[in-house]
Amino acid sequence: MKKFDELNYYEILKIPTDSSYFEIKRAYKEALSLYDEDSIITYSLFSRNERDEILKKIKEAFSTLIDENKKAAYDQMLIDSGQMKASISFGEKPYSSALRSSDRTIVDESHLHSRVKEKFSAEDIQNLSKEMLSKGLLSGSDLKKFREALGVDIREMHSATKISVSVLNAIEEDRFDRLPPVIYVKNFLKTYAKILQLDPQKVVNGYFKTISLSHHTEDSNSN
Amino acid sequence: MAKIYPIGGGKGGVGKSFITASLGALIAKWGNKVVIIDLDLGASNLHTLLGMKSPKIGLNSFLNKTIQNLENAAVPTSIPNLFLISSFHCYMEIANLFYAHKLKIIDAIRKLPFDYVFLDLGPGTNFNTLDFFLTSKEGILICTPEPTSIENSFRFIKTVYYRKLKQLIKKHTFDLLLKNISEDFNNPGLKPPDILEIVLKHDSEKEPFLRSQLSKFKFKFIFNQFRKNLDASLGDQFENICNRHFYSMFQFLGYVNYDGRIQDAIFSKTLYVHRYPHTQSAADLKNIAAKITKIIPPPSLTDEV
């Protein structure tokens with residue numbers, strides 16, 4: 001079962017990706033009332049903080065999905081991280097371009113995939129991955145080191161994941177202030193991890209532990 | 001092998017025994033061999049709901065070894081195919097069941113040669129109730145559409161998880177550290193995700209294992225004593241919330257509408273679905289029984305039960 005913070009915006013509002021403006025609005029109202037502190041169902045289930053967090057996410061989902069531009073960017077992110085099929089969101093746009101871009105991805109990925117797989121079987125790489133994941137903490141430089149050990153270039157990573165090079169750099173250089181919102185980072189990390197044959201959840205957990213530690217030490221540094 | 005459905009839920013008076021008796025009667029009437037077991041130890045009265053005098057044979061005969069096989073402790077009821085194992089004549093301190101006796105009962109329940117076994121559990125979250133609930137992965141929770149009852153249902157689910165995790169920790173070679181964290185569980189403000197998180201905080205390697213264990217549960221739930229003026233989406237909301245914030249699958253089986261005649265039937269010691277087969281509540285119970293068994297009720301029988 002997915003936990004709430006792993007749900008994407010569509011899952012949070014329980015709507016299909018091609019929902020109309022009115023459907024999104026209705027779903028939003030329903031979600032708000034379900035998590036309202038006076039809801040007979042949920043009043044006893046969450047602390048004030050947890051409830052605030054959930055409501056914040058619901059509002060985020062709504063404000064993203066009703067805004068055409070934001071929705072398109074969000075959909076793109078879902079497509080890039082493999083959570084959504086390209087054809088759904090490109091349905092209304094010229095079909096050929098969508099088809100071409102997804103075709104290319106498949107070719108690139110499969111090539112990269114076999115190369116990574118071959119390298120991954122080497123003992124030193126295996127040890128490196130074990131050592132890295134066993135710490136519980138994971139930094140961007142760990143990821144970078146591992147990527148380079150597998151001989152994957154950052155450009156290649158970009159074309160395989162569709163994550164922009166600047167974001168990839170921010171992730172690998174631990175420049176947390178330059179990272180996009182949490183949900184994007186989580187999905188980016190999962191995609192990144194999959195390419196390198198690492199356990200996506202462990203990578204996300206380890207990386208976010210590092211982020212939260214850095215917040216503790218430099219609490220004043222907020223964006 | 002029998003399908004076993006423990007029927008529980010945190011609160012007393014929500015209708016667990018009533019629903020157990022009704023579902024048992026309906027499903028038996030559809031041609032299945034059904035036994036209902038009164039496990040509300042120390043406060044058993046399932047026989048009364050079935051309009052029976054307290055049977056001499058029951059769980060007591062099994063525990064004091066008068067009979068060897070639990071199957072033989074099942075007495076027939078006035079409904080063909082429906083049997084009852086009562087705990088009425090058990091020793092006075094039956095509520096504090098010996099651990100060995102409990103294991104013996106659970107083991108015997110799993111071997112009963114019936115099509116369906118329904119366990120009528122007591123209120124609250126004591127170890128007996130939880131362990132009987134854990135006899136099967138498909139427990140049914142009964143709650144009423146009241147905040148207190150819903151709150152208790154959540155608490156019940158959490159304690160079921162907690163009990164299950166404790167069993168797992170005992171059974172598998174977990175860190176010593178992990179075994180010492182149970183005091184964390186005693187925090188009354190514990191939220192559902194916390195339970196697993198506490199365990200995982202100490203031993204993150206076990207996450208996939210524990211998650212997969214908890215995801216094997218397929219909880220079902222029924223809203224009893226539902227009234228017309230209430231929000232009709234309550235059941236779906238509850239299902240939605242549980243599926244999102246707990247680790248298992250939840251299925252809403254349906255509402256049983258409130259009917260004053262249910263009380264009358266209980267007072268006159270007759271089975272409600274027998275006496276008032278054409279009411280809304282009887283139809284609700286029928287729908288729920290059909291959903292559990294995936295049996296389409298034979299139309300010729302809709303006039304009876």
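Me: Which residues in α1(B) meet which residues in α14(B)?

Reply: First, the ground rules. This is a predicted model, in which local features need pLDDT of at least 70 and side-chain atom pairs count only at pLDDT 80 or more, while totals for chains, interfaces and linings use all residues. Residues are numbered from 1 along each chain as its sequence is written, and chains are lettered from A and ligands numbered from 1 in the order in which they are written. Helices are DSSP runs (H or I, at least four residues), numbered from the N terminus. Two residues are in contact if their C-beta atoms, placed from the backbone, lie within 7 Å. Here Ser22(B), Leu23(B), Leu26(B) and Ile27(B) of α1(B) meet Leu285(B), Lys286(B), Ile288(B), Ala289(B) and Thr293(B) of α14(B). An α-helix has 3.6 residues a turn, so residues three or four places apart point the same way.

Me: At what angle do α1(B) and α14(B) pack, and how far apart are their axes?

Reply: Two packed helices are described by the angle between their axes and the distance between the axes. Axes are lines fitted to C-alpha atoms over the stretch in contact, and angles run from 0 to 180 degrees between N-to-C directions. For α1(B) (residues 16-29) and α14(B) (residues 280-293), the angle is about 70° and the axes are 9 Å apart. That makes α1(B) roughly perpendicular to α14(B) (65 to 115 degrees).

Me: How do the axes of α7(A) and α8(A) cross?

Reply: Helix α7 (residues 123-134) of chain A and helix α8 (residues 140-149) of chain A cross at roughly 170°, with axes that come within 11 Å. This makes α7(A) roughly antiparallel to α8(A) (over 145 degrees). In α7(A), Ile125(A), Leu128(A), Ser129(A) and Met132(A) meet Asp142(A), Phe146(A) and Ala149(A) of α8(A).

Me: Which residues of α4(A) are buried?

Reply: They are Tyr74(A), Asp75(A), Met77(A), Leu78(A), Ile79(A) and Asp80(A). Just after α4(A), Gly82(A) takes a positive phi of about 75°.

How values were computed:
Helix = DSSP H or I, 4+ residues; strand = E, 2+ residues; numbered from the N terminus. Parallel < 35°, antiparallel > 145°, perpendicular 65-115°, else oblique. Buried ≥ 20, exposed ≤ 12 C-beta atoms within 10 Å, placed from the backbone.
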